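Keep the model open beside you as you go.

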Amino acid sequence: MTLNWHELIEKAWNDRKDLLESDEFDCWRVFHGYTEGASGVVIEKFGTMVIVEYKDDIRDDLDEIKDALLQCFPFTLILAKGDQSIGLRLKDRMYALHGDISDAPKFAKEYGISYGLLPDAMHNCGLYLDARPVRKWLAHNSEGRRVLNLFSFTGSLGIAALKGGAKAAIHLDKSKALLPRIQNSYEINGMDFGTRSFIQGDIYKHLPKAIKNGQRFDGIILDPPPKVYKSPYSEHQPKGQDFSRLVSLCSKLLNPGGWLICLFHRYDATWDQSDAEIIASSSDTLKMTERFTSECDFPDDNVDRKLRVTVFEKI
Ligand SMILES: C[S@@+](CC[C@H](N)C(=O)[O-])C[C@H]1O[C@@H](n2cnc3c(N)ncnc32)[C@H](O)[C@@H]1O
């Protein structure tokens with residue numbers, strides 16, 4: 001079936017007029033193909049750059065997509081990124097459809113904060129757009145708190161907490177390559193990185209160690225990837241996001257009144273089931289206080305397919 005990309009993109013663009021008119025951010029999902037007419041395609045805007053990611057082989061359509069995007073907005077760079085499942089060689093998987101990659105914006109803006117980008121990163125370029133409401137929540141609920149940002153990636157969630165007045169944010173991720181990227185975002189925002197903001201290592205090694213050392217936090221951000229892999233530091237075999245094991249550890253690191261914010265990327269359980277699992281894993285030391293989902297640029301009538309976020313409080 002041939003798709004009318006002009007029609008699909010123009011409709012998606014007009015459905016997001018409110019985002020375009022807002023001066024609070026310059027980045028959002030332009031096209032969410034799963035529910036907007038092309039299931040393997042997502043298009044995301046970061047300032048004047050737009051990235052077209054595809055899991056279905058739509059290479060013959062890319063020129064039409066480029067023209068449709070340019071009719072909506074004067075993008076200076078349009079990047080195409082093909083998924084490895086299509087079988088393309090690495091060097092053919094990403095290229096500029098329009099503009100020059102050396103002119104790519106270095107950061108995206110959201111609620112007064114700049115986040116560093118690496119446009120040619122093969123996976124996410126640095127900022128998960130579905131987590132925008134999480135960053136907003138953190139900026140409003142972190143004053144005076146010591147926050148632990150687990151599975152930190154580029155640190156964006158911890159940086160939002162700091163901008164909201166957190167007294168400290170400690171990022172933990174197993175990838176060493178992320179350190180300069182986190183530092184870059186601190187620098188852009190005029191924030192002091194210090195020497196103890198980033199712990200590089202496996203979560204299953206560091207959380208038990210932190211408990212043993214008597215560490216405590218007033219906020220913990222828990223955003224595991226959809227599939228957590230088995231760790232050499234733990235005997236157990238993680239299932240999905242492994243919330244049960246992770247929450248049993250995190251709940252011991254929280255001060256009373258501290259919050260735990262969980263991001264559910266799983267599709268095998270309802271929201272109620274996921275929340276119940278968290279409370280049980282904390283031995284009933286947590287209570288649910290707030291819930292929200294991704295915003296209008298991730299349209300889906302089925303809430304169980306969206307990013308679901310629950311906030312818990314330590315009793
Ligand atoms: C989905 S990303 C997290 C996104 C991040 N919270 C954000 O909003 O930008 C998952 C991250 O988990 C890290 N990771 C995966 N397994 C880990 C482990 N066992 N210990 C520590 N980090 C891990 C990966 O390196 C990756 O950066």
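**Exercise 1. Describe the surroundings of the ligand.**

Step 1: find the shell. The ligand is surrounded by 15 residues (a heavy atom within 4 Å counts as near), and the closest are Phe-151, Asp-173, Lys-174, Ile-203 and Asp-223. This is a predicted model, where local features need pLDDT of at least 70, side-chain atom pairs need 80 or more, and totals for chains, interfaces and linings use all residues. Numbering starts from 1 along each chain as its sequence is written, and side-chain values use heavy atoms, without hydrogens and water.

Step 2: sort the shell. It divides into 8 nonpolar, 3 polar and 4 charged residues. Helix H7 (156–163) and strand S9 (168–173) each supply at least two of the shell residues.

Step 3: look at nitrogen atoms of the ligand. A polar side-chain atom of Asp-223 lies 2.7 Å from one. For Phe-151, a backbone N or O atom is 3.1 Å from a ligand nitrogen, and a polar backbone atom of Lys-174 also lies 3.1 Å from a ligand nitrogen.

Step 4: check the cover. On its own the ligand has 610 Å² of accessible area (Shrake-Rupley, 1.4 Å probe), and the protein covers 89% of this area.

**Exercise 2. Describe how H1 packs on H4.**

Step 1: Helix H1 (residues 5–15) and helix H4 (residues 62–72) pack at about 35° (on a scale from 0 to 180 degrees between N-to-C directions), with axes 9 Å apart.

Step 2: name the contact (heavy atoms within 4.5 Å). H1 contributes residues including Trp-5, Ile-9 and Trp-13, and H4 contributes residues including Ile-65, Ala-68 and Leu-69.

Step 3: classify. This contact has 7 nonpolar, 2 polar and 3 charged residues.

Conventions:
A polar contact is a pair of N or O atoms within 3.5 Å; within protein, one must be able to donate a hydrogen and the other to accept it, and residues adjacent in sequence count only if both atoms are side-chain atoms. Helices (H or I, at least four residues) and strands (E, at least two) are DSSP runs, numbered from the N terminus. Ala, Val, Leu, Ile, Met, Phe, Trp, Tyr, Cys and Pro count as nonpolar, Asp, Glu, Lys and Arg as charged, and the others, Gly among them, as polar.
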